[in-house]
Amino acid sequence: MAINKNQTAMKAIQQGIKKTNPRLKVNEVSVIESISAGTAMVSGLSGAQMNEMLLFDGNVSGMVQSLSKGQVGVVFLDNPEHLKAGDKVVRTERVLDVPVGDALLGRVIDPVGKALDNKGAINTKKRRPIEVDAVAIMDRAPVDTPLQTGIKAIDSFTPIGKGQRELILGDRQTGKTAIALDTMINQKETGVICIYCAIGQRASAVASVISDLKKYDVMNNCVVVAAFGDDEAGMQYIAPYAATSIGEYFMEQGKDVLIVYDDLTNHARAYREMSLLLRRPPGREAYPGDIFYIHSRLLERSTHLIDKLGGGSLTSLPIVSTEAGNISAYVPTNIISITDGQIYLSTSLFQKGMMPAIDTGRSVSRVGGDAQLPAYKSLVGPLKLFYSQFEELESFTRFGTQMDSATQSRINRGKAIRLVMEQRQFQTVKVEHQIAIFLATVGGLLDGLDEQQNKRAQEIISHKMDTTFIKQAKAILNREKLDEPTKQLMLDGFKQALQAERILP
């Protein structure tokens, strides 16, 4: 009975439109057949296409998300609380797009391009569909240029290259956003444009991120795309695609872009909610079968373009939340298989106060040394070896076991590496300082120092690098290797400086 009433209302609306505006096709207007939380079924729009925007009564917008015979499924992008079955729906014949351009730098917007920062409307005429085909394989260049995070544990053990997709995952409140934020702040003087995409976050959490970006004077080179936790599921779903389209515009201009998706767990939940309301059959853990596809087609858009296309790059740092450290759950497993590596944050390390709480055994970068400066390569191998040996031997120290001098030496070296890798938020370290500190660590200059002495030694070594070894610092940044005579020269200089400050005898 309700369907017959809706069809009668639809015919009446179409006849009225035909009289007042003969040029408009009658199949461009219809009525809501049924409506439920955040979604609606609409009949009569035979020409509708996927991702097309529809307008409802009260200027409420929606997006087509399913096509079937005689009706389309729509997800709302605005609050539809006043809408009901029988209300009018109009096609826009426009696939959902987002404004792009330099005017977005320094702004906070929602996924459809509306300003959220009280700075007025976005002043740009350029727009780009939120979903486009990923760059063809032959148009992609190798990922061979490092994107420095300023975080020693990442730049050394799990380096990130421009155009890479490096997953950050771990339980709640283990520092995932902090790592992404530090990486964005570290791009202040690199010219890399940063995009922070908040998906299902609290407004206060997003405001805190924006405040930190402003505090460290990088907001003017950033774009924040925010879909809050109380927004419609449709808005949370389109947020990462809209943010990626904004990043792709800059990439096609030959620029390097870093995009953070915070986080894709919320994105998957929003899509699950939409799909179940649109009556798509659920699969494992109640997620629809295409949950893998929505993330693969998103992350596949991150790449490094060949020089012929400008040489720009889009590097993505997707964030995923785990429960009780379970990385074999459905969504984390999917995204691990899509990305080029992962940075795993351990709850146990976090609780011990080790910051960042990166589990070096479970973290990996599949790009590896190809996206790392040559000066790192001769130092990272020994660092990993010493640290892995230390982790195996550390358990024996808890029982007061008597150890020979060689074993004690390995333990001292491992403790020094652990202290070197500890790093508080907003304290990013320059590349040349990292190399100097790693060289001193591998050379044994920091063995046996307590926490305060280790911290002070790192400051002295960094200062020595800036004052005495300027030539060597430039060589490191110019991708030159450090030969053995240069390493020994630097080690002797560091040792003298530490002795002068009475850190070493």
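Strand 2 (residues 39-43) is mostly covered, with 5 of its 5 residues buried; buried denotes under 20% relative accessible area, exposed over 50%, and partly exposed in between (1.4 Å probe, protein chains only). Strands (E, at least two residues) and helices (H or I, at least four) are DSSP runs numbered from the N terminus. The model is predicted: local features need pLDDT of at least 70 and side-chain atom pairs count only at pLDDT 80 or more, while totals for chains, interfaces and linings use all residues. Residues are numbered from 1 along each chain as its sequence is written, and side-chain values use heavy atoms, with hydrogens and water left out.

In a regular strand the side chains alternate between the two faces of the sheet. In strand 2, Thr-39, Met-41 and Ser-43 point one way and Ala-40 and Val-42 the other way, and all are buried. Strand 2 pairs with strand 1 (residues 29-36) in the antiparallel sense over 5 bridges, pairing being assigned if DSSP finds at least two bridges between two strands. Strands 1 and 2 form a hairpin with 2 residues between them, and Gly-38 in the turn has a positive phi of about 80 degrees. Strand 2 is also joined by 5 bridges to strand 5 (residues 71-76), and these two strands run antiparallel. Ser-43 stands opposite Val-31 of strand 1 and opposite Gln-71 in strand 5. Val-42 lies 72 Å from Ser-409, C-alpha to C-alpha, the two being 367 residues apart in sequence. Ser-409 is placed in helix 11 (residues 405-421) and counts as partly exposed at 35% relative accessibility.

The structure holds 22 salt bridges, each defined as a side-chain nitrogen of Lys or Arg within 4 Å of a carboxyl oxygen of Asp or Glu. Arg-128, Glu-248, Glu-252 and Arg-301 are linked in a network of such bridges. Glu-252 counts as partly exposed, at 42% relative accessibility.

A further salt bridge joins Lys-162 and Asp-256, with the closest N and O atoms 3.2 Å apart. Lys-162 is in the loop between helix 2 (152-157) and strand 10 (167-170), whereas Asp-256 is in strand 13 (residues 256-262), 94 residues apart. Lys-162 counts as buried at 15% relative accessibility, and Asp-256 is partly exposed at 22%.

Helix 6 (residues 264-277) has 14 residues and reaches 20 Å from its first C-alpha to its last, close to the 20 Å expected at 1.5 Å a residue; the expected span is 1.5 Å times one less than the number of residues. At the start of helix 6, a side-chain oxygen of Asp-263 reaches to within 3.0 Å of the backbone nitrogen of Thr-265. The buried residues of helix 6 include Leu-264, Ala-268, Tyr-271 and Ser-275. Helix 6 is followed by Arg-279, whose phi is positive, near 70 degrees.

Definitions and conventions
A polar contact is a pair of N or O atoms within 3.5 Å; within protein, one must be able to donate a hydrogen and the other to accept it, and residues adjacent in sequence count only if both atoms are side-chain atoms.
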